[in-house]
Amino acid sequence: MPTLHARSALAAESIFSVMSRLAVQHGAVNLGQGFPAGAPPDFLLDALRAGAGVTDQYTAPAGLPALREALAADLGVRSEQVSVTCGATEALHALADALYGPGDEVLMFEPVFDVYRPQAQLSGARPVPVPMTLTRDGWSPDLDALERLVTPRTRALLVNNPHNPTGHVFTPQELARLVDVARTHDLWIVADEVYDELYFAGPPTPLRTLAPERTFTVGSAGKRLEATGWRVGWVVSPVGVSPGVSGLHQWATFCAPAPLQAAVAAALPVARARDFYGELRAAYGARMRLLASGLRALGLEVQVPGGTYFLTALAPGVDARRLVEEGGVAVIPGDAFYAQGAAPEGLVRLAFCKPQEEILRALERLEAYLGA
Ligand code: GLN
């Protein structure tokens, strides 16, 4: 038999799929994988129905013109800069293909969203973790470490803002320093801003506004419009660089699903006009506070997020893989976001994009489990 390529070692099931599978298997409340429990908004589903039978053939790899234009208007960029992809995950994959390869190093903040490391490795590059430190005041990126970790092989800096899993929103000062490092060492910046509309204090500053010449922005209709299974994402490239991204995306999937692109194009301006994102922030902010205060009442140390729909907490002695089975609550174990052995003791991530009753049920179950 021929052997599999060594890359197949990266085919392990993602922690998000693992925990969702275990949640179903054990009838657990799922505060693990970050997807909203409810249906997408009516204006998105209505747009899909209205377009049925109209937009069913391939679009250009760069995307349906109407969607590129809607995104350009929403984001304040030119439509030629926009490449539509099959979700943010594929957008990040196309960027990994476009920007780095064997021998290159890619800086990424740790705890790190699980997709970044294997994607860098698939393109032959080496992921280099930059620590985020955890103190009583919460999470903060170690920007001195960032400077120290740059080498002549560093090609790119991958920044997730607001940051998953910590919920940290990088301050304008932190972003200015990142840009300074990127300019000094001539690095690309990949800004994963899929939670750009999900913030609870001030809005995050888009990195492309600070370093337009070198920043690729990744976004997601699934995150913005509560439809994570639709797989419609995008890259905003610096002016003049986008054909590379769309050209690589065409070899993977050719184009994102046309009817879904059309529906997202119609829904984006409606979401703005109705302040849909403001409503989401209000609803999720309330659930975040409910979950945070409930966990604190159970004696856990909680880090209040500035954005995303996740929060982290320290639950020393709690093993997330046993909790789902024995306590009936699925969370994401912190170690999934770290290189082997580097996670703070007891770190867990909980998603609060779930109905209030589920959050309350999870808190009751946690109380019973921790008190047992
Ligand atoms: N972004 C989501 C999370 O962090 C899940 C992503 C995925 O499962 N592909 O939970």
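**Close-up views of a predicted model**

**View 1. The bridge between Val302 and Ala313 in the sheet.** Val302 has Ala313 of strand E11 as its bridge partner. The structure shown is a predicted model. Helix H12, formed by residues 276-297, packs on the sheet and touches E10, E11 and strand E14 (347-351). The direction of H12 makes about 5° with that of E11. Strands E10 and E11 (residues 310-314) are paired in the antiparallel sense over 3 bridges.

**View 2. Strand order in the open sheet.** The sheet consists of 4 strands in the order E10-E11-E14-E13, with antiparallel pairing. Strands E10 (301-303) and E13 (332-333) each have a single partner strand and stand at the edges, so one side of each lacks a neighbour in the sheet.

**View 3. The surroundings of the ligand.** The residues around the ligand are Phe16, Gln33, Gly34, Phe113, Asn164, Tyr195, Lys223, Phe310 and Arg349. An oxygen atom of the ligand lies 2.8 Å from a polar side-chain atom of Gln33. For Gly34, a backbone N or O atom is 2.7 Å from an oxygen atom of the ligand. In the side chain of Tyr195, an N or O atom is 3.5 Å from a nitrogen atom of the ligand. The ligand taken alone exposes 300 Å², of which the protein buries 80%.

**View 4. Helix H3 and its packing partners.** Helix H3 spans residues 65-75, and its buried residues are Leu67, Arg68, Ala70, Leu71, Ala72, Asp74 and Leu75. These buried residues pack against strands E2 (82-85) and E9 (233-236), and against helices H8 (207-210), H9 (221-224) and H11 (258-273). Just after H3, Gly76 adopts a positive phi of about 70°.

Note on methods
Residues are numbered from 1 along each chain as its sequence is written. Side-chain values use heavy atoms; hydrogens and water are left out. Buried means under 20% relative accessible area, exposed over 50%, partly exposed in between (1.4 Å probe, protein chains only). Helices (H or I, at least four residues) and strands (E, at least two) are DSSP runs, numbered from the N terminus. Contact means heavy atoms within 4.5 Å. Two strands pair if DSSP finds at least two bridges between them. Axes are lines fitted to C-alpha atoms, for helices over the stretch in contact, and angles run from 0 to 180 degrees between N-to-C directions. A residue is near a molecule or strand if one of its heavy atoms lies within 4 Å of it. A polar contact is a pair of N or O atoms within 3.5 Å; within protein, one must be able to donate a hydrogen and the other to accept it, and residues adjacent in sequence count only if both atoms are side-chain atoms. Accessible areas come from the Shrake-Rupley method with a 1.4 Å probe; for residues, only the protein chains shown count as cover.
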